[in-house]
Amino acid sequence: MPEGNPLDMPDQARTALLQPEPVLTSTGVTPRTGPGVEGGRPSRIYALDGLRLLAALTVVMFHYMALTGRWPESDSRARFPAAYPVAAYGWLGVQLFFLISGFVICMSSWGKPLQSFFVSRVVRLYPAYWFAVIATTVVVTAIPGGLRGHPFADVLTNLTMFQEPMGVESVDSVYWTLFAELRFYLLFAVVAWRGLTYRRVLFFCCAWAVASALAYQSDDSTLRMLVMPDNSWCFIAGVAFYLMYRFRPNLMLTGIVLFCLVASLPSAKRTWEHAQERLTHPVPYWPVIAVMAACFGVMGLVATGKLSWIQWRWLPYAGALTYPLYLLHEYIGWEIIGALSPQVKPVPLVSGVIALMLAVSWLVHRYVERPLGRRLKKGLQKL
């Protein structure tokens, strides 16, 4: 790059000098152009659809092949000797979900008013979730000898998605991640309300990272609930990755991402320790670091456009299955496994249950999410 301070030059000269690097202006940074970007805005990133489904399937594997409790025998490693060493780390799919969420929420909110941000989140989250709450309640109640059902009032509270702060048990334990997503949306809405610019979003990432580090050892439950020091790092890194994608990488964004990777490890280690209590055979910790680094690494490839060559037409359909699959798979799948495991061998049973869950997920997307989402969007836009 030529010597001299570009900020001291006129706007036109500065723009010519810094292209294709991001161009500082009074309103932020101008978007780049190139692969994966159309007219200064990102096109659909097919790789993210595949990564979302991969993250969901790893969580499914963890619940079906690693955890104990729904099989007649307690030894998961004996049932799935080849898959167990991988499935035991499947809970890390949630961290990849959070990384993708930070990226996608920033991408989908850019240049849109706060009302559009609110409507898009409600339309995206609630239709499939309402169906999942009702379907899981019906299945758990209908199958005798399995999981315990919930009181009707608790089921109604679950429909709000705010059952955790209200002290009500979730109908399915996977719903804890949804409340984490909601808190991220609440925090990000503060920035979206003013309008997203490079500087504002960058400040948001830095401020949330500092608040998370300071709140990590805090005993204040309200502060921890708002700041989310255990789960914030992947959201922050996802947002920073999107800034890389939209404006090109720089030292500041790279530093934020690396800081978040390192800062996420203590929480990941605690989750690994908790997972050991639910596994019949302990697994080492070092693969957690490797998988976390791999998740950040693949998002780095997305952010730098290295995966823009992936344009497989089936990936959007795969991505559409992800949210319903995640919502429906655990308790309903466990009930099916518990009922059929005496008659069906583990590998074909799990394979069949996963295939069934994928098929049901597509039906939910096609006949619940899309039509109900359109109605919700139409109604909310009139507010």
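1. A quick word on angles before anything else: the axes used here are lines fitted to C-alpha atoms, for helices over the stretch in contact, and the angles run from 0 to 180 degrees between N-to-C directions. Keep in mind that this is a predicted model. With that in hand, look at H8 and helix H9 (residues 198-215), which pack at an angle of about 145° with their axes 10 Å apart. The crossing of this pair, H8 and H9, is right-handed. On the H8 side the contact uses Phe184, Leu187, Phe188, Val191 and Arg194, and on the H9 side Arg200, Val201, Phe204 and Trp208. Sorted by class, the contact of H8 with H9 comes out as seven nonpolar, no polar and two charged residues.

2. Now the overall picture. The protein has 383 residues, and 52% of them count as buried. Its secondary structure comes to 15 helices and four strands. If you take the contacts with a separation of 6 or more, 74% of them are between residues 24 or more positions apart.

3. The crossing of H2 and H13 is left-handed. Who touches whom? Ala47, Leu48 and Leu51 of H2 meet Val298, Met299 and Val302 of H13. The residues of this contact of H2 with H13 split into six nonpolar, no polar and no charged.

4. Trp309 sits in the loop between H13 and helix H14 (315-340). Is Trp309 buried or exposed? Its relative accessible area is 57%, so Trp309 is exposed.

5. On to the charged pairs. As a general point, side chains of opposite charge can pair when their charged atoms come close. The count for this model comes to six salt bridges. One of them joins the side chains of Arg124 and Glu369, at 3.0 Å from N to O. Arg124 is in helix H6 (residues 114-142) and Glu369 in helix H15 (residues 346-380), so this bridge ties together parts that are 245 residues apart in sequence. As for accessibility, Arg124 is partly exposed at 28%, while Glu369 is buried at 11%.

6. Another salt bridge to check is the one between the side chains of Arg148 and Glu169, at 3.0 Å from N to O. This pair links distant parts of the chain: Arg148 is in the loop between H6 and helix H7 (152-158), Glu169 is in the loop between H7 and helix H8 (176-194), and the two are 21 residues apart. How accessible is Arg148? Its relative accessibility is 55%, so Arg148 counts as exposed. Glu169, at 43%, counts as partly exposed.

7. Then there is the bridge between the side chains of Asp230 and Arg224, again with an N to O distance of 3.0 Å. Asp230 is partly exposed, with a relative accessible area of 24%.

8. Which phi value does Met161 have? Met161 is not a glycine, but its phi is positive, at about 70°. Met161 is in the loop between H7 and H8, and with a relative accessible area of 2% it is buried. Met228 is also not a glycine and has a positive phi, of about 55°. Met228 lies in the loop between helix H10 (221-227) and helix H11 (232-247). At 2% relative accessibility, Met228 counts as buried.

Key. Residues numbered from 1 in each chain as written. Predicted model: local features only at pLDDT ≥ 70, side-chain atom pairs only at ≥ 80, totals over all residues. Heavy atoms only, no water. Left-handed = near helix turned anticlockwise from the far one by under 90°. Contact = heavy atoms within 4.5 Å. Nonpolar A, V, L, I, M, F, W, Y, C, P; charged D, E, K, R; others polar. Salt bridge = Lys/Arg side-chain N within 4 Å of Asp/Glu carboxyl O. Buried < 20%, exposed > 50% of the residue type's maximum accessible area, 1.4 Å probe, protein only.
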